[in-house]
Amino acid sequence: MRAMVLSPHLGLSLALVVMATPVKAETIQVTIDKLVFSPASVEAKVGDTIKWVNKDAFAHTATVKNGWEVMIPPKKSASLTLKAAGTVDYFCRFHPNMTGHIAVAP
Amino acid sequence: MFIQCKSALAALILVGAMPFAQAADKPTDPQIAHIAYTAGTLDIEAAKQALKKSKNKDVLAFAHDMVRDHEAVNVQALDLVKKLKVTPEDNATSQALTKAAAEERAKLAKLKGAAFDKAYVDNEVAYHKQVNGALETLLIPSASNTELKGLLETGLKIFEGHEQHAEHVASMLK
């Protein structure tokens with residue numbers, strides 16, 4: 001039973017280890033339902049992955065003008081790992097009235 | 001008599017130009033389902049003609065998108081009418097749309113190359129504008145079943161996207 005009790009000292013060193021580890025890359029989910037990207041605007045960091053989950057029966061794209069494009073087939077999902085910092089506006093090439101925004105921190 | 005003839009003539013002209021203009025009475029759900037399905041099928045037929053005739057990659061890509069999306073909407077529409085046990089009912093608006101589309105197809109059949117591309121894409125802009133206007137002002141407000149209304153609303157968003165897409169392709173053809 002005594003072994004289960006963490007000394008305050010051990011607790012502190014564990015906390016230091018956690019803080020020293022680089023921030024882990026996250027996966028941020030954007031759902032597409034009835035031709036809407038939701039959330040329409042997300043904040044991410046370089047190295048994070050955006051995963052679009054398409055609930056529609058229609059194919060969509062996440063397209064950045066003069067930039068990348070991700071094709072998201074009907075009822076499927078597709079991902080992109082963010083490589084550069086900056087803000088991007090994207091839209092669906094098939095339905096340009098669908099728009100989204102990603103703010104990518106360094 | 002003269003006045004009657006004149007208004008009949010005016011009505012005929014309206015039918016030719018605006019198939020939805022004659023739908024003075026509120027359409028029923030079976031009629032709305034038929035109109036929506038017909039409108040989709042007509043756009044698929046137009047796209048298939050473009051896929052055969054056009055050599056322009058933007059026009060071909062647009063036509064592919066139309067076939068894919070409208071077929072997907074129509075599959076959903078058929079599933080819904082089956083579920084709701086609604087039998088789509090032919091009506092004057094569907095017939096007028098079909099007649100206008102046949103005339104447009106015949107007109108486009110005589111064109112080639114860039115002239116065909118321009119006429120097809122311009123008509124797609126106009127057609128989607130017309131159908132979207134009808135969805136917004138007539139079909140969606142008239143639909144009494146909420147699921148049918150929901151599908152029409154999703155359809156409207158899709159077709160508004162198509163209208164913008166068509167306008168973009170039209171601007172590139174100039």
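Okay, a definition to start: helix axes are lines fitted to C-alpha atoms over the stretch in contact, with angles running from 0 to 180 degrees between N-to-C directions, and angles under 35 degrees count as roughly parallel, over 145 as roughly antiparallel, 65 to 115 as roughly perpendicular and the rest as oblique.

What you're looking at is a predicted model, where local features need pLDDT of at least 70, side-chain atom pairs count only at pLDDT 80 or more, and totals for chains, interfaces and linings use all residues. Residues are numbered from 1 along each chain as its sequence is written, and chains are lettered from A and ligands numbered from 1 in the order in which they are written.

Now, chain B. Helices here are DSSP runs of H or I, at least four residues, numbered from the N terminus. Helix 2 of chain B and helix 4 of chain B pack at about 5°, axes 9 Å apart, so those two are roughly parallel to each other. Contact means C-beta atoms, placed from the backbone, within 7 Å. Among the residues meeting there are Leu42(B) in helix 2 and Leu97(B) in helix 4.

On to helix 5 of chain B, residues 113–142. How far apart are its end C-alpha atoms? They're 41 Å apart, which agrees with the 44 Å that its 30 residues should span at 1.5 Å a residue, taking 1.5 Å times one less than the number of residues. Helix 5 of chain B also bends by about 50° at Leu135(B), the angle between axes fitted to the seven residues ending there and the seven starting there.

And the scores: ipTM 0.75 and pTM 0.79.

Key. Contact = placed C-beta atoms within 7 Å.
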